[in-house]
Amino acid sequence: MKRIRLVNVPVIRERRRLPFILRKWDKFLLIGLCCFFTLALIPNDDVLHVTLRWRHVSSMTVMSDIQDDQTFDARQKPQNGQLLEYNLVQPQKRDFSRGQSVIIDELLKHKKDGFFVEIGAGDGETDSVSLFFERERSWNGVLVEKSEEKADILITKNRRAILWNLNLRLESTNVSFSASDIRPKDLFRLVNRPSFDLLVVNLPDQEYELIESIDLANYTIGVISVVLRLDYPADKYSQLSNYLQSKSYQVYHHLIDGGAYKKDVIFSRIWH
């Protein structure tokens with residue numbers, strides 16, 4: 001009969017140690033694996049969406065996260081497979097603006113899937129130019145609003161666009177910056193699109209300064225809609241229109257709203 005001798009092989013002792021190692025490091029391993037697979041499964045635009053949604057927390061941190069060749073989808077991401085329903089005061093309305101949206105829609109030939117930037121977005125519903133395009137034409141874009149109170153209301157509307165609760169500071173301003181301030185050139189760097197369809201400017205008494213600060217040689221914007229006071233000085237209006245004319249824009253339409261004491265001017269790009 002052949003005898004079998006049992007030998008304590010060192011490898012067996014190593015195997016006995018393995019469960020101890022796993023018990024000691026299992027939390028770190030599991031956390032690391034979860035983070036890896038989560039980031040791997042989420043598309044890049046979703047990650048960027050989350051980053052930009054908290055844009056007002058730290059402007060420098062966010063800007064360092066965005067590469068020069070990145071673009072993003074600003075639309076609201078589905079939750080549990082579906083988008084949140086709009087929460088509007090007047091959901092039956094189509095045009096929430098003072099008439100600009102329908103005119104711009106005709107000008108752009110009812111274009112679908114466009115992109116907008118609305119500066120001075122307010123509560124996201126009252127006098128909104130972009131809401132028509134978001135609901136009726138499936139556009140996406142960016143809403144910029146400096147008022148924290150209005151931004152809080154805007155969030156409840158369940159708009160599809162990204163909201164940036166930021167205060168635009170122009171180059172001529174010498175006051176020190178806060179965490180929620182941003183210069184126009186940095187704002188458009190975050191948007192990071194060489195062309196888009198609509199820019200809405202509702203920035204009282206700083207309309208010209210803002211538009212002049214945009215490098216229109218590097219950005220192609222189809223339509224620029226500017227909200228002005230009804231008593232906007234004639235010399236400043238001439239300065240604004242002459243500047244845009246020098247950048248290949250023309251006045252397409254004026255709308256006067258005496259009740260709101262507003263004058264809305266739509267500039268269209270001249271395509272050569």
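Student: In which sense do strand β2 (residues 140-144) and β3 pair, and over how many bridges?

Tutor: Strands of a sheet pair through backbone hydrogen bonds, either parallel or antiparallel. In this structure, β2 and β3 pair in the parallel sense over three bridges (two strands pair if DSSP finds at least two bridges between them), and Val142 stands opposite Ile162 in β3. This is a predicted model, in which local features need pLDDT of at least 70, side-chain atom pairs count only at pLDDT 80 or more, and totals for chains, interfaces and linings use all residues. Residues are numbered from 1 along each chain as its sequence is written, while side-chain values use heavy atoms, without hydrogens and water.

Student: Which strands form the edges of the sheet?

Tutor: Seven strands form an open sheet of mixed pairing, in the order β3-β2-β1-β6-β7-β9-β8. The edges are β3 (162-164) and β8 (249-257), each of which pairs on one side only.

Student: How many aromatic pairs does the whole structure contain?

Tutor: A pair of aromatic rings is described by the distance of the centres and the angle of the planes. The search finds six (centres of Phe, Tyr or six-membered Trp rings within 6.5 Å; planes under 30 degrees apart are stacked, over 60 edge-to-face, the rest tilted). Phe188 and Tyr219 have ring centres 5.6 Å apart and planes at 50°, so this pair is tilted. Phe188 belongs to helix α7 (residues 184-191) and Tyr219 to the loop between α8 (207-213) and β7 (220-229), so the pair ties together parts 31 residues apart in sequence (helices are DSSP runs of H or I, at least four residues, and strands of E, at least two, numbered from the N terminus). Phe115, Phe188, Phe196 and Tyr219 form one aromatic cluster.
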